[in-house]
Amino acid sequence: MSVLSDLINLNLSDTTEKVIAEYIWIGGSGLDLRSKARTLSGPVNDPSKLPKWTYDGSSTGQAAGNDSEVVLHPQAIFKDPFRKGNNILVMCDTYAPSGAPLVSNKRHAAAKIFSHPDVVAEEPWYGIEQEYTLLQKDTNWPLGWPIGGFPGPQGPYYCGNGADKAFGRDIVDAHYKACLYAGINISGVNAEVMPGQWEFQVGPAVGISAGDEIWVARYILERITEMAGAVLSLDPKPGDWNGAGAHTNYSTKSMRNDGGYEVIKKAIANLEKKHKEHIAAYGEGNERRLTGRHETADINTFLWGVANRGASVRVGRDTEKAGKGYFEDRRPASNMDPYVVTSMIAETTILWKP
């Protein structure tokens, strides 16, 4: 076993300039992350200098068997916390050989919104709170729960400590450090209300980078759970507990400047007018989570308020007091596509004119 470990941890820079690039992409379900590795002749820091690559889309639900080639376009580079050295993780999006983006490629449309001059001028910042649940591999039951049974009622688990309250902390801490190593702007972690449920936060991140960083952070987390013999679940409502969301904190330059509170209120008014469209794009199974209970607003009702965790959109006390700042969209589910959510918020609050 020590020989295997030694081989896995070999420092390639001792003997070669070649590096390994792990190309990552989103599969046909819109949630499944796929990856494969290739050798590069030397270190690369610019995604535009990386070669495009192909894969069998018929095996990922993205192409027919008689025309299965899908093309990967490298979009963002991160340091590889697993292979270390000059090896890299590469976030890609997916295209047909004709050059058309696949239906499952949500990054392409998001990039168009984030490159719009009005959006660029507003420098949209995002802070995303990604909640998730760790499951036992053989039973798909939450980590720390008795098999077929339930733990004690919620209360002691949120930000809790101790072997009877916190389950999976080694995975969480490994993920935290791996994301920092990779160059992801992960800003914190905490245990959540349901035992076996955790959260990490990414941000502030500007524009399209928020989506890239969340997807790569999810990839790193799934690799770590693979090694730990656990299963990662992004199901928004694994039981009659606080559900799993991806609260999205957001601000523009106008909101961060003096007088920004009025801009925030106008943006929230726009979100209310397009509530149904946003809900439809905010993750599958969200109706099981947004019930009006467990710190949520009912899925059919738009409600905003200051310091109200039962609202669709929450404004912090500090923002109200300062008259500028940010707001939190609490509607996105844990399984949301961050490219869709971040770009939709920008489009509704900056570009859309009611």
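Below are my notes on cavities, a nonpolar patch and salt bridges.

**Ground rules.** I am working with a predicted model, in which local features need pLDDT of at least 70, side-chain atom pairs count only at pLDDT 80 or more, and totals for chains, interfaces and linings use all residues. Residues are numbered from 1 along each chain as its sequence is written, and side-chain values use heavy atoms, with hydrogens and water left out.

**Cavities.** I searched for cavities (on a 1 Å grid over the protein atoms alone, sets of points where a 1.4 Å probe fits but cannot get out; lining residues have an atom within 4 Å of a point). For volume I took the space filled by probe spheres set on the points, with grid points joined across faces, edges and corners. How many cavities of 30 Å³ or more are there? I count two.

The largest cavity has a volume of about 70 Å³. Among the residues that line it I noted Trp-25, Ile-26, Met-91, Cys-92, Lys-106, Arg-107, Asp-337 and Tyr-339. Strand E1 (19-26), strand E5 (88-95) and helix H2 (106-114) each give two or more residues to this lining. E5 supplies the largest share, four residues. Helices (H or I, at least four residues) and strands (E, at least two) are DSSP runs, numbered from the N terminus. I sorted the lining of the largest cavity by class and got five nonpolar, three polar and four charged residues. My classes: Ala, Val, Leu, Ile, Met, Phe, Trp, Tyr, Cys and Pro are nonpolar, Asp, Glu, Lys and Arg are charged, and the others, Gly among them, are polar.

The second largest cavity holds about 60 Å³ of space. Of its 15 lining residues, Leu-290, Ala-297, Ala-311, Arg-330 and Arg-331 are the closest to its centre. This lining divides into five nonpolar, five polar and five charged residues.

**Surface patch.** Next I looked up a nonpolar patch (residues with over 30% relative accessible area and no salt bridge, nonpolar side chains of Val, Leu, Ile, Met, Phe, Trp or Tyr joined within 5 Å). Val-3, Leu-7 and Leu-10 make one of about 310 Å². Areas come from the Shrake-Rupley method with a 1.4 Å probe, and for residues only the protein chains shown count as cover. Leu-7 sits in helix H1 (residues 2-8), and its relative accessible area is 53%, so I log Leu-7 as exposed. My cut-offs are under 20% for buried, over 50% for exposed and in between for partly exposed (1.4 Å probe, protein chains only).

**Salt bridges.** I found 15 salt bridges, each a side-chain nitrogen of Lys or Arg within 4 Å of a carboxyl oxygen of Asp or Glu.

- Lys-253 and Glu-123 meet at 3.5 Å, N to O. Lys-253 is in helix H6 (residues 253-256) and Glu-123 in the loop between helix H3 (117-122) and strand E6 (125-136), 130 residues apart.
- Arg-83 and Glu-22 meet at 2.8 Å, N to O. They link distant parts of the chain, 61 residues apart, with Arg-83 in the loop between strand E4 (69-79) and E5, and Glu-22 in strand E1. Is Glu-22 buried or exposed? At 6% relative accessibility, Glu-22 is buried, while Arg-83 is partly exposed at 30%.
- Lys-265 pairs with Glu-262 at 3.1 Å between the closest N and O atoms. Both lie in helix H7 (residues 260-273), three residues apart, about one turn of the helix. Glu-262 is partly exposed at 45%.

Key. On a 1 Å grid over the protein atoms alone, a cavity is a set of points where a 1.4 Å probe fits but cannot get out, and a pocket is an open set with protein on both sides within 12 Å along at least five of seven lines; lining residues have an atom within 4 Å of a point. Patches are made of residues with over 30% relative accessible area and no salt bridge: like charges are joined within 9 Å, nonpolar side chains (Val, Leu, Ile, Met, Phe, Trp, Tyr) within 5 Å.
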